[in-house]
Amino acid sequence: SGKTVISYKRTSCFTWIGFTLSFTPVERWKYSLSASVAPYIHTESQDHHYLTAYYYIDITSSVFSGYTAVTSAAFSVNDCLSICMTVEGLFETVAEGNDYASTYENSDYALVYDSYGNQILGGAGEMYVDVSLSAVWKF
C-alpha cells in the first residue's frame, strides 16, 4: 500500500588483476577482450527493516571469488571520432560473513543468533551485465 518496508545499501571494495588483448584486424576497426579476477573483496550490506525497527549489517570478505569479462568493438569514423560498443559482465560468488543487528542505525551492533543459540551468518554475492554504446572524440 505504498509503505516502505525495507531499505538496502551495499558497499563493496574489489581489487582486480587481469589482462587485456587488443587487435585491429582491418583498418578502422579495433577489438578488445579483457578478463580479471578479484584476489580480495570486502562487502558491507546494510538493511533497515521498518516494520520491526531493526537495522542489520552483513560484513563479508572473500578471496578469488569475483570475475569480470569485457569485450568491445570500436569503429573509427575519422581521425577524431570513434564509435564503441562494450559488453561487460561481473560475477561474484556468495561470500559468508558475520550478521549484526541493532535497534538504532548508528549504535553498537551485536552478532545475531537464532533461537537455539547458533550464530547466523550473512551472505553477499552479485552478478550483472552492462552494455554501452559510446562516442570517443580525440582532441
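A: Happy to. A patch here is made of residues with over 30% relative accessible area and no salt bridge, with nonpolar side chains (Val, Leu, Ile, Met, Phe, Trp, Tyr) joined within 5 Å and like charges within 9 Å. A salt bridge is a side-chain nitrogen of Lys or Arg within 4 Å of a carboxyl oxygen of Asp or Glu, and the areas come from the Shrake-Rupley method with a 1.4 Å probe, counting only the protein chains shown as cover for residues. The model is predicted, so local features need pLDDT of at least 70 and side-chain atom pairs pLDDT 80 or more, while totals for chains, interfaces and linings use all residues. Residues are numbered from 1 along each chain as its sequence is written, and side-chain values use heavy atoms, leaving out hydrogens and water.

Now to your patch: Ile17, Tyr40, Val63, Phe64, Tyr67, Phe91 and Met127 make a nonpolar surface patch of about 740 Å². Two of its members are worth a visit. Phe91 sits in strand β5, residues 81–102 (strands are DSSP E runs of at least two residues, numbered from the N terminus). With a relative accessible area of 39%, Phe91 is partly exposed, a class that lies between buried (under 20%) and exposed (over 50%), using a 1.4 Å probe and protein chains only. Phe64 belongs to the loop between β3 and β4 (66–76), and its 47% relative accessibility makes Phe64 partly exposed too. The backbone of Phe64 has a positive phi of about 50°, although this residue is not a glycine.

Ala53 also has a positive phi without being glycine, near 60°. You will find Ala53 in the loop between β2 (29–49) and β3 (54–62), partly exposed at 40%.

Let's turn to the aromatic rings. Rings of Phe, Tyr and Trp (its six-membered ring) pair when their centres lie within 6.5 Å; planes under 30 degrees apart are stacked, over 60 edge-to-face, and the rest tilted. That rule gives five aromatic pairs. Phe14 and Trp16 have ring centres 5.3 Å apart and planes at 0°, so they count as stacked. Phe14 is partly exposed at 22%, and Trp16 is partly exposed at 34%. Elsewhere in the list, ring pairs join Phe23, Trp29, Tyr31 and Phe75 into a cluster.

Finally, the cysteines. The whole structure has zero disulfides, a disulfide being a pair of cysteine sulfur atoms within 2.5 Å. For Cys80, the closest cysteine sulfur is that of Cys84, 17 Å away and therefore too far for a bond.

Definitions and conventions. Helices (H or I, at least four residues) and strands (E, at least two) are DSSP runs, numbered from the N terminus.
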